[in-house]
Number of protein chains: 2
Amino acid sequence: MTYNVEAGAGVFVSPVFFPSEESYGHLLSTLNSAKKSMDICVFTITDDQITRAITQAVERGVKVRIISDDDKSEDLGSDVKRLARDYNIPTRVDGSEAHMHHKFVIIDDSLVINGSYNWTKGARFDNREDLTLTNSGKAVQAFKSEFAKLWSAFEAY
Amino acid sequence: MTYNVEAGAGVFVSPVFFPSEESYGHLLSTLNSAKKSMDICVFTITDDQITRAITQAVERGVKVRIISDDDKSEDLGSDVKRLARDYNIPTRVDGSEAHMHHKFVIIDDSLVINGSYNWTKGARFDNREDLTLTNSGKAVQAFKSEFAKLWSAFEAY
Ligand SMILES: [Zn+2]
Ligand SMILES: [Zn+2]
């Protein structure tokens, strides 16, 4: 593997920090900007407002897929089960005691967000957290490959 | 705040994924490449090999600072206390029930690594994790500002 390949012209790398309602607004508006696809790969989802952004994406025809952690998805307050069952979002989980600990999302195959931020109210309101948004083609491609690899390896939820 | 400012020429954005000994080697060799400074801001450190990379950096004159979570630093197996007390590394913690949940490090004020990856053996060997390395000046500057803000806000450990 080759590291540190140049990202090329027109590339942005934008970190945002939490708690910050401005950062949260940027996350939400980025989710709301999805037109074609949203590949979500996050440890846990318990923030109803993010869950609504996901269901609204489904309603406007965005192809959403979710990878999450099997154990966390059974937690009280987890929205993963509801997204999978009530909204028929294709969802896969790790089926392992290890953590599916990623917190990234790929939007329209052209932008990726990753960082420390789980999709929870604690991350939004209480914790010190970071997310980085980038349109780097190489970064997007790398996260797409990771998503595809886990999608193949994991079982339907 | 302006989002999505272009990163400029010569910029790389390099994600790596775990578990992968190649990714781990890339993380370690990047820590080992530090010449002047290493500003560490991570939820928890329990991986002895990473701890050794930190102490070796101190021994070769790198100015290391650590920000971590107060509660995790008291966990069995946490290396934060040892780094602070035995190696006199300036260390600050959040003093809050919320999580100091970041997982980033700034090296030589010129490279930043962030992602889902805590500095633990579980992250190395078991979990699905990601880290992105970038030399984007805007990203490095943003993480430097966050580090400085938390350093001022938190108490000495
Ligand atoms: Zn699991
Ligand atoms: Zn705390």
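Biologist: How many residue pairs are in polar contact between chain B and chain A?

Modeller: A polar contact is a pair of N or O atoms within 3.5 Å; within protein, one must be able to donate a hydrogen and the other to accept it, and residues adjacent in sequence count only if both atoms are side-chain atoms. Between chain B and chain A the count is 18 residue pairs, both at pLDDT 80 or more. α5(B) gives the most to the side of chain B that touches chain A, with six residues; helices (H or I, at least four residues) and strands (E, at least two) are DSSP runs, numbered from the N terminus. This is a predicted model, in which local features need pLDDT of at least 70, side-chain atom pairs count only at pLDDT 80 or more, and totals for chains, interfaces and linings use all residues. Residues are numbered from 1 along each chain as its sequence is written, chains are lettered from A and ligands numbered from 1 in the order in which they are written, and side-chain values use heavy atoms, with hydrogens and water left out.

Biologist: Which residues coordinate the zinc ion (ligand 2)?

Modeller: Donors are N, O and S atoms within 2.8 Å of the metal (3.2 Å for Na, K and Ca); water is not among the atoms, so sites may look incomplete. Here Asp69(B), Asp70(B) and Asp94(B) coordinate through OD, and Ser96(B) and Ala98(B) through O, at 2.3 to 2.6 Å. Asp69(B) and Asp94(B) lie 25 residues apart.

Biologist: Is Asp94(B) buried or exposed?

Modeller: Buried means under 20% relative accessible area, exposed over 50%, partly exposed in between (1.4 Å probe, protein chains only). Asp94(B) is buried at 11%, and Asp69(B) is buried at 0%.
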